[in-house]
Amino acid sequence: MKNIHLTLVLASILFLSCKTNSEEGNSDKTSKIEQPTNFRIALGSCNRQDMPQDYWSVIQKDSADIFIWGGDNIYADTPDMNLMEAKYDSLKNNAYYRSFVNKLPYGPIGVWDDHDYGKNDAGAGWEYKDEAKSLFMDFMDIDSTHAMANRGGIYHAELINAGDKRIKFYMLDTRYFREDLLEAEASGKRYQPHTSQDSTLLGKAQWEWLEQEFKNSEADFNIIVSSIQFLSSEHGFETWGNFPHEVENMQTLLQKYSLDNILFLSGDRHISEFSQKKIKGLDYPLTDFTSSGLTHSYSSYDGEPNRYRVGEVVAETSYGIIDLDLETEEASLKIKSTRDGHVIQNLKLSF
């Protein structure tokens, strides 16, 4: 009987040590694995749930530790929340997708963009944003005890302990609080930048949260996930560049809190590319890895300006892979084909 009692005690300790923490201070989730040397992130965006989903078996071969949804995870574009739920369910119940996520050690996490928000290019004025948020949480298996449930929007943080290294993900909401965009006066562009310092992309509450997250972070890698591009701003579509003072605010916070090993991830554009910008106070160029789209791409792409582009634009269906070297604190970024997984373009980062 003593041996049985001891076994139960040890099992209880093991169970408690593996529990997930809710967001307190600087994390929503903390998980541990034994001293790895590499942590692999898969990422992607722009997924039409009514198109073939067999590409998940291609991504699965990369044996990623986690998958990051970059937005437009489904194409709902509807005020009918029953229809949106059915579209989410069709993806969540897809055999290829289920097989992929079930083998992820840390599961999928992510943000939304306009099409899974419910309306193309929509912002704070979208009438069904709270209903859409509830369906997003259901899709991501986020329950009512999560910090996200008690505030507007879907912004949140995830902290993963990979051995003795900490990887923190800041999942931003570029929809729920965003003011209306300004229609472009110049031909060939859809939107133009705001000039008012009072206009906002993230909103006051999210900015305050983000500053506290930066202030409290002791992570070895700090990965900021935004559905829209942070650095590329000349194309005239949706971008942080439509709110230039918000770009400056972000750069100021990054300089103020001296975070280690910063990387931006984005989606939205139906193209994939790397962008880099030298930021005062950072010893390395700030990188924005845009990965889009999973099921369809900007097939008519014939060029667009991006002063920060590194390499070439990939205008075919693709996904991203990021290998974090936990010993050297370097990163290898790859744009890979959803057709067969071959590497289309890569970039090495030495933070």
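This is a predicted model: local features need pLDDT of at least 70, side-chain atom pairs count only at pLDDT 80 or more; totals for chains, interfaces and linings use all residues.

**Charged pairs and an enclosed space**

User: Which residue forms a salt bridge with D113?

Analyst: The general idea is that side chains of opposite charge can pair when their charged atoms come close. Here D113 pairs with R175, and their closest N and O atoms are 2.9 Å apart. The two belong to distant parts of the chain, 62 residues apart: D113 sits in the loop between β4 (108-110) and α5 (114-117), and R175 in the loop between β6 (165-171) and β7 (182-183). R175 is buried too, with a relative accessible area of 0%.

User: How many salt bridges does a search of the whole structure find?

Analyst: The search finds 19. One of them joins the side chains of D141 and K92, at 2.7 Å from N to O. D141 lies in the loop between α6 (129-139) and β5 (156-162) and K92 in helix α3 (residues 81-92), so this pair ties together parts that are 49 residues apart in sequence.

User: Is D141 buried or exposed?

Analyst: D141 counts as exposed, because its relative accessibility is 61% and the cut-off for exposed is over 50%.

User: What does E329 form with K165?

Analyst: E329 and K165 form a salt bridge, with 2.8 Å between the closest N and O atoms. This pair also links distant parts of the chain, 164 residues apart: E329 is in the loop between β14 (318-325) and β15 (330-337), while K165 is in strand β6. K165 has a relative accessible area of 16% and is buried, since buried means under 20%.

User: Which residues are linked in a network of salt bridges?

Analyst: Look for R40, D62, D323, K334 and K336, which such a network links.

User: Which residues line the largest cavity?

Analyst: The lining consists of L43, G44, I68, G70, V225, L265, S266, G267 and S291. Strands β2 (38-44) and β10 (262-266) each supply at least two of the lining residues. By type, the lining divides into 4 nonpolar, 5 polar and no charged residues.

Terms used: Residues are numbered from 1 along each chain as its sequence is written. Side-chain values use heavy atoms; hydrogens and water are left out. A salt bridge is a side-chain nitrogen of Lys or Arg within 4 Å of a carboxyl oxygen of Asp or Glu. Helices (H or I, at least four residues) and strands (E, at least two) are DSSP runs, numbered from the N terminus. Buried means under 20% relative accessible area, exposed over 50%, partly exposed in between (1.4 Å probe, protein chains only). On a 1 Å grid over the protein atoms alone, a cavity is a set of points where a 1.4 Å probe fits but cannot get out, and a pocket is an open set with protein on both sides within 12 Å along at least five of seven lines; lining residues have an atom within 4 Å of a point. Ala, Val, Leu, Ile, Met, Phe, Trp, Tyr, Cys and Pro count as nonpolar, Asp, Glu, Lys and Arg as charged, and the others, Gly among them, as polar.
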